[in-house]
Amino acid sequence: AVSRETWISFEDFCVCFQSLYVFHKPHTYAYNYQKTYFKSTDDRAFYYLSVDSLMPIEILVSFSALVQWNTNGDKQECTSISKGVLIVEHFSWKCLTRGKPVLKMHTAATKATVLHLPVGRNILLFTVNSPIGHHIHLCSMVPCVFGEEDAVMPGLEQESHRFIKQATAILEAIGNVINNFSSKPELSKALKELELAHCPPGLHGTEMAAEHFKVFKSAFWYLIKYVSGSAALHSYRFAFRSLTLDFKDTELFNDDNFSSESFEKSSCSSWQNRTPTSEEEAAALKLQAFWRGTYVRKIVNSRKPGTKENTDVKETLQKLWTVIELDFEYCAVTLLREMFKRNCKSIEMFPCYEDEHCKVCFDDYSVTYADQPPNVWFVVFREVFLVSQDMLVVPKVYTTIPSCRLHVVDNDTLEEMPHVFFKVAPRVYLKNKKGYTFMAEASTGDQPVAAGRWKLRLIGSHRPLPLLSREAVNDAYSAREIKEYYIPNDKNVMFRYSVKVTVPHVATVQVQTSKSDVFIKLQILDNNEEVVSVTGKGHALIPAFNFLSNEPFLSAQ
């Protein structure tokens, strides 16, 4: 250890780090993660930690700060301002606010403590502020990922350990039912175990229990269709009915096209486009009742060991189980994930639901921009993304441009998504017809901006994420700039231009005044009727507007 009265160089400091930590425990293995960083400014550094365990987690955190000591006579002191600070707090990319801090350390040398985390998946944000440099060393009995954002995020698309454990327990219970389908006492016991496996604790006797059972059956039928494809779907349907004994829920098979072609071939043309008589309706109802009774008795017989129906169903279910066992864990995860997608309130009662805020997936879209002179405004990125279903989307921008802002516009309503602290807030994007336009603007200020790379990251809970409307991202834009003097008038109209559109295209309209405190209202008019407008102070922007060629003249005010 280095005492406070000893001065050391950067090189000696690094050598000390290499032998500073010793972690030993007989017959165990420790996962060690280290991060050393030197800097010449007081900017904060951010690191992320992802850890997932079925048991409570303990992590030894050692934090060392390299600071400047002040000489006061024969003593060397370190003020509280120059001390290194480490703050650890729960974090989620899908939430604007950070979680409650779980650890805070101040030191001018080295400190270590044990961090206790609950069962499940945890994401922590390490915020470090140290005048010169710092070193972080983690020791854990549980595998974890520690580092920059790009090192931690890719692993979070996988399901958590608690989710996989819950999913495999449900599928194992289904397999137990299938294996004991021909044994009446064992089947009854297996069905009760299956109910306990797929029902969250505390669900029995509540109003949402019936809805949960419906969700489970719907997800199970989805898994059957997934593993079997279109082959022998009729026999699988009968086996599914026999296993669940559900004769009322017909919504499960509404999307199936079974026997539609055979029905069309066997249908008589004389019955097309005609209204049946009352006698024909009564006869049809009687036939349906007879057929339903026959079908129900057949399914009931399939539950009786030794019957032909039971043998057929047993054989069908065994074929299904053989296919499932080929990729057991993936099928288990698919089943439980489908239950989660149904958005039933009972799902929130699963212990693994607490890990959902840590599950993220993302897609990156990058463009390059050229050198920009001082005091210019330019478009960095503008693309249309299609949303196939309602989904949570968190847009995040990575850039070195000092002044850059992202805008998202609903192309159906021309409404812009709200901002929080100049960033697009996380929200659920609803499925629409024309998609959403993501547009990024930037300005250089008094200093030029060197050429660089700009990246947009779309973060969501699960796939599919918003899809780019074309094959590749465009990074070349044609711009037309008009500069004029404003002449005061009674109507306070700064300018008015007529725009002739020869080819349909999306354009960005921006207005900026030399006087920064002027309030501006920018309008796009169609036959003197306002289509879209925006107000600003010294700067007004319409991020994206689709100019149509079949309307020969549009006016902009």
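The model is predicted. The chain has 557 residues, and buried residues make up 41% of them. Its secondary structure consists of 10 helices and 27 strands.

**Whole chain**

- The chain exposes about 32,400 Å² of surface, and carbon and sulfur atoms supply 54% of that area.
- Among contacts with a separation of 6 or more, 76% are between residues 24 or more positions apart.

- Tyr-226 belongs to helix α5, which covers residues 209–228.
- The structure holds 22 aromatic pairs.
- Tyr-226 and Tyr-330 form a tilted aromatic pair, with 6.1 Å from centre to centre and 40° between the planes.
- This pair links distant parts of the chain, since Tyr-226 is in helix α5 and Tyr-330 is in helix α10 (residues 328–341), 104 residues apart.

**Phe-340 and Tyr-353**

- The ring centres of Phe-340 and Tyr-353 are 6.2 Å apart and their planes meet at 35°, so this pair is tilted.
- The tilted class applies because 35° falls between the limits of 30 and 60 degrees.
- Phe-340 is in helix α10, while Tyr-353 is in the loop between α10 and β12 (361–369), 13 residues apart.
- Phe-340 has 8% relative accessibility and therefore counts as buried, because the limit for buried is under 20%.
- Tyr-353, with a relative accessible area of 33%, is partly exposed.

**An aromatic cluster**

- One aromatic cluster is formed by Tyr-365, Phe-381, Phe-385, Tyr-429, Tyr-436, Phe-438 and Trp-454.
- Tyr-365, a member of this cluster, is also one of the residues touched by Lys-455.

**Lysines over aromatic rings**

- Lys-298 has its charged end over the ring of Phe-238, at 5.4 Å from the ring centre.
- Lys-455 lies over the face of Tyr-398, and the distance to the ring centre is 4.8 Å.
- Lys-455 is placed in strand β20, which covers residues 452–460.
- Leaving out residues up to four places away in sequence, Lys-455 touches Asp-150, Asp-364, Tyr-365, Ser-366, Lys-396, Val-397 and Tyr-398.

**Ser-469**

- Ser-469 is in the loop between β21 (467–468) and β22 (497–500).
- With a relative accessible area of 40%, Ser-469 is partly exposed.
- Which residues does Ser-469 contact, leaving aside its neighbours within four places in sequence? Ser-469 is in contact with Val-384 and Leu-386.
- Ser-469 and Lys-434 are 35 residues apart along the chain, and their C-alpha atoms are separated by 9.6 Å.

Technical notes: Residues numbered from 1 in each chain as written. Predicted model: local features only at pLDDT ≥ 70, side-chain atom pairs only at ≥ 80, totals over all residues. Heavy atoms only, no water. Helix = DSSP H or I, 4+ residues; strand = E, 2+ residues; numbered from the N terminus. Phe/Tyr/Trp six-rings, centres within 6.5 Å; stacked < 30°, edge-to-face > 60°. Buried < 20%, exposed > 50% of the residue type's maximum accessible area, 1.4 Å probe, protein only. Lys NZ or Arg CZ within 6 Å of the ring centre and 35° of its normal. Contact = heavy atoms within 4.5 Å. Areas by Shrake-Rupley, 256 points an atom, 1.4 Å probe, with all protein chains shown as cover.
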